[in-house]
Amino acid sequence: MPIEYLKRGKSAGERLEDDARTSDIVAGTLRDIEARGDTAVRELAVKFDGYDRETYRLTEAEIEAIIAKVSDQDMADIRFAQDQVRAFAQIQRDSMTDVEVETQPGVILGHKNIPVQSVGCYVPGGKFPMVASAHMSVATASVAGVPRIVACTPPFNGEPNPAVIAAMHLGGAHEIYVLGGIQAVGAMAIGTETIDPVHLLVGPGNAFVAEAKRQLFGRVGIDLFAGPTETMVIADETVDAELCATDLLGQAEHGYNSPCVLLTNSRKLAEDTQIEIERLLTILPTADTARTSWRDYGEVILCDTYEEMLSVADDIASEHVQVMTDRDDWFLEHMTCYGALFLGPRTNVANGDKVIGTNHTLPTKKAGRYTGGLWVGKFLKTHSYQKILTDEAAAEMGAYGSRLCMLEGFVGHAEQCNIRVRRYGRRNVPYGQAVPHKAAAE
């Protein structure tokens, strides 16, 4: 039986039209920020967030006053979540070791893992205050040892959200700004009169934030190209429609353009899940958003075999992949393209998003084919070094280097090698010629 789509979402062409409009708006806005600095940032903050301040950076006193509004229980929950994220990030950091090895007598090679010196962490707002995003970016950068961590988040209902500010502060942010959208990302990357530019931008955001990061890439580093939240449920008859429908709609509520896909080899489960989704949409408080995502971007794909399901899943390369089958570990072993896997019916994407400890900033739009998600390693740069300790090693490496440079026609390169052969190997090498093999010289 060929792979069958019982429901399809918007075509790739329709999605590209939306992307082109966004790109034009972002390009003009970034040019304005570069030209007018703080003035442009302030005008954009007033226009889009209705938030006007002389300076958008929070003082220590303001941060303390805002955090005081967070209940003790909420603070305890935030601390618990950050403890999980920090613990796993530290384990990852500990796995990345500096190395130094003597590859030949007298030749030392090595590398060092050095933190990025400044990072801008964007924590989105929009319909929901994204408290967990502060853990994923700010706290993870702190574990990596980044010496300057800048955090931006838009106001929520006209004011800084206390829980988000608390999470940023506890995570280790050195500067906190109440700024959202293109103006936040642009200010951090380009810099203004009052905001020094950063070296790296991280964190999710809406289509405009994602496009701004894409256009700024190269000027600064970015974590990854992120689009709307995506979720895929891979399921067979070992689970029921209620579980599948709940996991799909749980991510569809993120926004009006959040793709959600059911991939199954059971026609009954596929049909029952569609019925169950319609039932849940009558009682889900965020149904207006989830319904639009399901209508425009929801898909139900029926396969004949597990191998077909694996092939389709790797082709789609979804951000979140919830696997609930009789062979979850088989998918773990064989899947190669995804953001993160959530294995078994007891596991769910929401726990990964909020508390379990893995990072929830993940690749979308098929980027899982070539990158993983945000992790402590994204805040570290691996730099190599080399040193030659003996005259013998300098002469030997120089002789090989000389010949290989001349093979490519780089005479100046060859002379870097030749001068060391002359000095440390005490060999008379004519200027601009390759060092001959010793056997040939003899």
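1. Let's start with Phe 331: its relative accessibility is 0%, so it counts as buried (buried is under 20% relative accessible area, exposed over 50%, partly exposed in between, with a 1.4 Å probe and protein chains only). Tyr 306, at 13%, counts as buried too.

2. A word on the source. This is a predicted model, where local features need pLDDT of at least 70 and side-chain atom pairs count only at pLDDT 80 or more, while totals for chains, interfaces and linings use all residues. Numbering runs from 1 along each chain as its sequence is written, and side-chain values use heavy atoms, leaving out hydrogens and water.

3. Back to the rings. Phe, Tyr and Trp rings (for Trp, the six-membered one) pair if their centres lie within 6.5 Å; planes under 30 degrees apart are stacked, over 60 edge-to-face, the rest tilted. The count comes to four aromatic pairs. Tyr 51 and Tyr 56 make a tilted one, at 6.0 Å and 50 degrees, and both residues are buried. Tyr 306 and Phe 331 sit 6.5 Å apart with planes at 65 degrees, so they are edge-to-face. Because Tyr 306 is in helix H12 (residues 306-316) and Phe 331 in helix H13 (residues 328-334), this pair ties together parts 25 residues apart in sequence. Helices here are DSSP runs of H or I with at least four residues, strands are E runs of at least two, and both are numbered from the N terminus. Ring pairs also bring Trp 330 into a cluster with Tyr 306 and Phe 331.

4. Now the cores (buried Ala, Val, Leu, Ile, Met, Phe, Trp, Tyr and Cys joined through side-chain atoms within 4.5 Å). The largest has 66 residues, and Val 119, Ile 165 and Phe 379 are among those with the most contacts inside it. Helix H7 (residues 181-190) gives the most to this core, seven residues. Apart from it lies another core of 21 residues, including Leu 269 and Val 300.

5. Have a look at Phe 379 itself: it touches Val 119, Leu 200 and Leu 374, among others, not counting residues up to four places away in sequence (contact means heavy atoms within 4.5 Å).

6. Finally, the sheet. Three strands form an open, antiparallel sheet in the order E2-E3-E14, with E2 (99-104) and E14 (380-388) at the edges. Strands pair if DSSP finds at least two bridges between them; E3 (residues 107-115) and E14 have nine. Within that pairing, Lys 112 stands opposite His 383 in E14.
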